[in-house]
Structure formats: C-alpha cells, structure tokens
Amino acid sequence: MMQTYSFEQQFQPPTQMAPDSYLGKIISLLQGIARHEMTGVCMYTYFQLLISGINKPQISEVFEKSAAESLAHYSQAVQFMLLYGGRSYIPCSCDPIVYLNDPQTSISEAIRAAINHEKTAVESYRKLFSVTSGKETELTNWAQTQAQAELEDLLEFQQILGVV
Ligand SMILES: [Fe+2]
C-alpha cells in the first residue's frame with residue numbers, strides 16, 4: 001500500500017539520508033530517473049510540435065507517444081521514490097531544449113537527441129535493476145520492464161534514423 005504525504009511533506013527540503021546508504025542510492029537513482037523522464041516529456045513534446053509543422057505525421061506520432069510514455073514513467077518513478085521515503089523536490093531539467101533553439105535543427109538531429117536520451121534511460125534502469133536485484137522484488141521487476149521498454153524505444157528511433 002502506497003504511503004501518502006501531505007503537500008508540505010512532499011516538498012520538504014531534501015531528506016537527510018546518507019547518499020551512499022542502500023536506501024539513499026535507491027532514492028537517488030529514482031530521482032535521477034524521474035528527472036530524466038520529465039526532460040523527455042519536455043523534449044518529446046517540443047519535437048512533436050516541431051515535426052508536426054513540417055508534415056511528417058508518422059514521426060510526429062512517435063514523438064507524441066514518447067512524450068506520453070515519459071510522463072507515465074515520471075509518475076511511476078516519483079511514486080516509487082515516495083514509497084522508499086524520498087520526499088525531496090525533484091528539480092527538472094529541460095536542457096535538450098537548448099539544442100532546439102537552433103532554427104536549423106533537423107529531423108535527424110532531433111532523432112539523434114532522442115537516441116541519446118533513450119540510451120541514458122536504458123542505462124539508468126539497468127543501474128537501478130543491478131542495485132535492487134534480489135532485494136526489492138517490485139522495484140527490480142519494474143526496472144527490468146522499463147529497461148526493456150526503453151530499449152525498444154531506442155531501437156525504434158534507430159530504425160527511424162535509418163530512413164529519414
Ligand atoms: Fe521512459
């Protein structure tokens with residue numbers, strides 16, 4: 001059963017937990033995943049709008065789907081983080097947007113950014129899997145499922161890059 005916290009509790013300053021403790025590592029990994037997924041929400045939403053304006057409906061749909069997936073993954077990561085006692089605010093970065101301020105951004109550049117993003121996601125979930133394997137059944141299963149899902153997304157973007 002998921003523990004619930006008040007709004008004030010959830011946005012307390014970072015929990016004083018030793019970052020090198022087992023629990024601290026899990027929370028830190030989940031925070032990193034949540035940040036990365038929210039970056040994906042921003043990045044893929046922007047890509048989707050960018051691409052839809054230049055009449056590439058199939059690629060635009062892939063980005064739209066990726067943005068929705070990233071939001072779902074963000075939500076799951078935050079729920080796990082709360083479950084494990086992490087209640088600190090998660091600053092989100094949309095740094096990849098900087099990449100898109102260049103008006104010359106092409107579809108292939110956007111897809112390369114997506115590929116890099118998915119590679120990092122796969123690594124993050126694999127790291128979480130290796131840290132929790134054999135100890136946290138639900139979290140480990142989730143990490144494994146996520147790593148596979150991100151790998152499939154990565155392969156999809158690599159295939160798209162081959163045909164644009
Ligand atoms: Fe994701």
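Author: Let us begin with a definition: angles over 145 degrees between N-to-C directions count as roughly antiparallel. The model discussed here is a predicted one.

Reader: What makes α2 and α3 roughly antiparallel to each other?

Author: Helix α2, residues 22-52, and helix α3, residues 57-83, pack at an angle of about 160°. The cut-off is 145 degrees, and angles over it count as roughly antiparallel. α2 and α3 are therefore roughly antiparallel. Their axes lie 7 Å apart, and α2 passes α3 in a left-handed crossing.

Reader: Which classes of residue form the contact of α2 with α3?

Author: That contact has 18 nonpolar residues, nine polar ones and two charged ones.

Reader: How do you know how α3 and α6 are oriented to each other?

Author: The same test applies. The angle at which α3 and α6 pack is about 165°, with 12 Å between their axes. Angles over 145 degrees count as roughly antiparallel, so α3 is roughly antiparallel to α6. The crossing of α3 and α6 is left-handed.

Reader: Which residues make the contact of α3 with α6?

Author: From α3 come Ile59, Val62, Ser66, His73, Gln76 and Phe80. From α6 come Leu139, Trp142, Gln146, Asp153, Glu156 and Ile160. By class, six of the residues in this contact are nonpolar, four are polar and two are charged.

Reader: What makes a set of residues a nonpolar core?

Author: Its members are buried residues of nonpolar kinds, joined through C-beta atoms within 7 Å. The largest such core here has 31 residues. Those with the most contacts inside this core are Leu30, Ile33, Ala34, Phe47, Ala77 and Met81. Two or more residues are given to the core by each of α2, α3, α5 (107-132) and α6 (137-163). The largest share, 12 residues, comes from α2. In soluble globular proteins, nonpolar side chains tend to be buried together.

Reader: How much of the protein chain is buried?

Author: A residue counts as buried if 20 or more other C-beta atoms lie within 10 Å of its own. Of the 164 residues in the protein chain, 29% are buried.

Reader: What is the secondary structure of the protein chain?

Author: The protein chain has six helices and zero strands, and its pattern along the sequence is α-α-α-α-α-α. Among contacts between residues at least 6 apart in sequence, 78% join residues at least 24 apart.

Conventions. Residues are numbered from 1 along each chain as its sequence is written. This is a predicted model: local features need pLDDT of at least 70, side-chain atom pairs count only at pLDDT 80 or more; totals for chains, interfaces and linings use all residues. Helices (H or I, at least four residues) and strands (E, at least two) are DSSP runs, numbered from the N terminus. A residue is buried if 20 or more other C-beta atoms lie within 10 Å of its own, exposed if 12 or fewer, and partly exposed in between; C-beta atoms are placed from the backbone. Two residues are in contact if their C-beta atoms, placed from the backbone, lie within 7 Å. Axes are lines fitted to C-alpha atoms, for helices over the stretch in contact, and angles run from 0 to 180 degrees between N-to-C directions. Angles under 35 degrees count as roughly parallel, over 145 as roughly antiparallel, 65 to 115 as roughly perpendicular and the rest as oblique. A crossing is left-handed if the near helix is turned anticlockwise from the far one by less than a right angle, and right-handed if clockwise. Ala, Val, Leu, Ile, Met, Phe, Trp, Tyr, Cys and Pro count as nonpolar, Asp, Glu, Lys and Arg as charged, and the others, Gly among them, as polar.
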